[in-house]
Amino acid sequence: MRILFLTHAYPPHELGGWSQQCEEIALALQQRGHVAHILTSHFGVRRGEVPENGITRSLHFQANIQHYRPLDYFWRRPICERQNLSVLRRVIRTFRPDLVFVWGMWNLSHELAYWAEQWMTPARVAYAIADYWPLEPDMHGVYWRLPARHRAVEAVKSLARKWILPRLDRSAAEHRPKFQNVACVSH
């Protein structure tokens, strides 16, 4: 079976145990004769780093992990989302997976999972879920829903919020995955 793992980070550029567990599962499946390909973010990748066989490190995080930059919503987000969807589409076309395994979606657009289902069919997309990402707003939604610390900033943010939140909510509703095949760590 050809399995495409979709995950936010992957060793050696990981952010913790969830990424390490993804590697362990992918390697164990390969040892059993399956072919695995990893589609992940470019987090931690240095310029000039040699590409790894079976790993595409091209996805963009929604936001900087150190500090959210509000203007990124307007300037960086549309470009990164288009590029992420383009990379996902290209990897699906070239790798031709039998299954997409959505592993970790922290700081990735939830739309990636939706489009994986559209391009593969929901029956050919599986999820390993160990957090609340399907229920929580994405990084942009989290920032724009939080009140600002200073009144002047809150005044500007509240105006922007009236325009941004309806768009984020509409997009989330329109691009909700079906979650047909899900393995969760708890009930």
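## A bridge in the sheet

Strand E5 (residues 125-129) and E6 run parallel as a pair, joined by four bridges; pairing requires at least two bridges found by DSSP between two strands. Helices (H or I, at least four residues) and strands (E, at least two) are DSSP runs, numbered from the N terminus.

This is a predicted model, where local features need pLDDT of at least 70, side-chain atom pairs count only at pLDDT 80 or more, and totals for chains, interfaces and linings use all residues. Residues are numbered from 1 along each chain as its sequence is written, and side-chain values use heavy atoms, with hydrogens and water left out.

## The whole sheet

Zooming out, six strands make an open sheet with parallel pairing, in the order E3-E2-E1-E4-E5-E6. At its edges are strand E3 (55-59) and strand E6 (181-184), each pairing on one side only.

## Helices on the sheet

Helix H2 (residues 72-95) packs on the sheet and touches strand E1 (2-7), strand E2 (35-41) and E3, where contact means heavy atoms within 4.5 Å. The direction of H2 makes about 170 degrees with that of E2; axes are lines fitted to C-alpha atoms, for helices over the stretch in contact, and angles run from 0 to 180 degrees between N-to-C directions.

Helix H3 (residues 111-120) also packs on the sheet, touching E1, E3, strand E4 (99-104) and E5. Its direction makes about 155 degrees with that of E5.

## An exposed tryptophan

Back in helix H2 you will find Trp75. Trp75 is exposed, with a relative accessible area of 58%; exposed means over 50% (1.4 Å probe, protein chains only).

Methods:
Buried means under 20% relative accessible area, exposed over 50%, partly exposed in between (1.4 Å probe, protein chains only).
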